[in-house]
Amino acid sequence: MYDLLIENIGQLLTMEGPNRPRKGREMGQITVKDNAALAVEQGKVAWIGSAEEAHSLKASRTMNAKSQLVTPGLVEPHTHLVFGGTRENEVALKQKGFSYLEILERGGGILSTVRATRAASLEELVKKANRSLDRFLSFGVTTLEAKSGYGLDKKTELKQLEAIKALNSHPIELVSTFLGAHAVPLEFKGNTKGFLKEMEDLLDEIKSQNLAEFVDIFCESGVFSVEESRAYLARAKEKGFGIKIHADELYPLGGTELAIDLEAVSADHLVAISEKGIQQLAESKTIATLLPGTTFYLGKDHYAPGRSIIDCGGAVTLSTDFNPGSSVTENLQLIMSLALLKMNLTPEEIWNAVTVNAAFAIGRGDVAGQLAVGRPADFVIWDAENYVYVPYHYGVSHTQFVFKNGNCVYERSSGYV
Ligand code: IZC
Ligand code: ZN
């Protein structure tokens, strides 16, 4: 007797395969099970088979998927989830021609969010992030990475990490990253070294309180150089953190090569990645986390070369980069459409990117991104008959039901969003 049986699944994507990221051509392959069924017991997938075989199974609860698509819950590998305030005032500045880095240089951008985050209480931060998580869930996300990085002082960075911890009552499972090295705050202007030392001094406390698994840095022109990033991340690695890098987003500094050198789990952005970086990624264990929503929202025409990265043999994942400045959306389905339309990724590559590879990019490859017997029953029943339809019909949400550990945690009530 199973706890739950999902019968009459039109298309089931289990995303099953080897227990490692999909690279290069592998990203173009997925197995589609037509007319399938799936049973759940104690929060785990207990059985996967055909719709006919399911007739002889017994379950306490049965749900009819009505010939629709079922996939693993989506995994979101890069968000700046916890912050105070908003930055809609920057839209007019951008329209006047000020660039993202110019706005930051004038004390706006990240630094404006830092002021609001320092002023917010822990409860306020949790409440605001919780609303964003509800939206992520409504778009089908069941596991999500969340970064700090709007404190830039010891107290507020810890407050943000505490907020991420406090959000563990939300159905979305969180993975925490310390991004204290996100920008140099005004009180350390001209003293980048001193500031990085300040953030480095937090690492032991973060480790001992288990407040973050990964350490990230914004390696960018006018922010942190490759050499500063190398020294800082090497320290974090020594202390047992996994490594992530905001690399080659606006200028080709070589952050990708640094990520590979340090065996970072992911190199994120890569809009300005070098040819050498693309080649080296293919030989490395580092996953390319691409964020086309940011390129779109910054009003740029040149997207990260996802097609070349995959063609050369690399592993790609996709993310919203959700943050209040350069990508203000929780809609991971929209990001899938941008990858289809602006990066020429195939639907198969896109599904591998937002499930299996996203899970490996945040250290959850063994529990998230694939449906298989014994794995957590995190899945989405879509209002779509096939997997191509989801990125094709863009800008809206196609989720009907979202399950986390076998429980229905989101149901679209009525109407369309
Ligand atoms: O708040 O602008 N790129 N960090 C690096 C961001 C975007 C987030 C922000
Ligand atoms: Zn980011």
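A salt bridge is a side-chain nitrogen of Lys or Arg within 4 Å of a carboxyl oxygen of Asp or Glu. By that criterion, a search of the whole structure finds 21 salt bridges. The structure is a predicted model, in which local features need pLDDT of at least 70 and side-chain atom pairs count only at pLDDT 80 or more, while totals for chains, interfaces and linings use all residues. Residues are numbered from 1 along each chain as its sequence is written, chains are lettered from A and ligands numbered from 1 in the order in which they are written, and side-chain values use heavy atoms, with hydrogens and water left out.

**Stop 1: the ligand site**

Select ligand 1 and display the residues near it (a heavy atom within 4 Å). The surrounding residues are His80, Arg87, Tyr100, Ile110, Tyr150, His182, Phe218, His246, Glu249, Asn323 and Ser326. Next, select the side chain of Tyr100, where an N or O atom is 2.5 Å from an oxygen atom of ligand 1. In the side chain of Arg87, an N or O atom is 2.9 Å from an oxygen atom of ligand 1. At His182, a polar side-chain atom lies 2.7 Å from a nitrogen atom of ligand 1. Taken alone, ligand 1 exposes 270 Å², and the protein buries 100% of that (Shrake-Rupley method with a 1.4 Å probe; for residues, only the protein chains shown count as cover).

**Stop 2**

Select Lys404 and Asp378, which form a salt bridge with the closest N and O atoms 2.7 Å apart. Lys404 lies in strand β15 (residues 399-404) and Asp378 in the loop between α15 (347-361) and β14 (379-382), so the pair ties together parts that are 26 residues apart in sequence. Helices (H or I, at least four residues) and strands (E, at least two) are DSSP runs, numbered from the N terminus. Lys404 is buried because its relative accessible area is 5%, and Asp378 is buried at 6%. Buried means under 20% relative accessible area, exposed over 50%, and partly exposed in between (1.4 Å probe, protein chains only).

Is Thr142 buried or exposed? At 1% relative accessibility, Thr142 is buried. Leaving aside neighbours within four places in sequence, its contacts (heavy atoms within 4.5 Å) include Asp378, Val402, Phe403 and Lys404.

**Stop 3: two further salt bridges**

Select Asp216 and Lys147, whose side chains meet in a salt bridge (2.8 Å, N to O). This pair links distant parts of the chain, with Asp216 in strand β9 (residues 214-217) and Lys147 in strand β7, 69 residues apart. Both Asp216 and Lys147 are buried.

Move to Arg230 and Glu227, where the closest N and O atoms of the salt bridge are 3.6 Å apart. Because they are 3 residues apart in helix α9 (residues 226-238), about one helical turn separates Arg230 and Glu227. Arg230 is partly exposed at 29% relative accessibility, whereas Glu227 is exposed at 52%.

**Stop 4: Trp47**

Select Trp47 in strand β3 (residues 44-50). With a relative accessible area of 17%, Trp47 is buried. Outside four places in sequence, the contacts of Trp47 include Tyr2, Leu5 and Val373.

Technical notes. A polar contact is a pair of N or O atoms within 3.5 Å; within protein, one must be able to donate a hydrogen and the other to accept it, and residues adjacent in sequence count only if both atoms are side-chain atoms.
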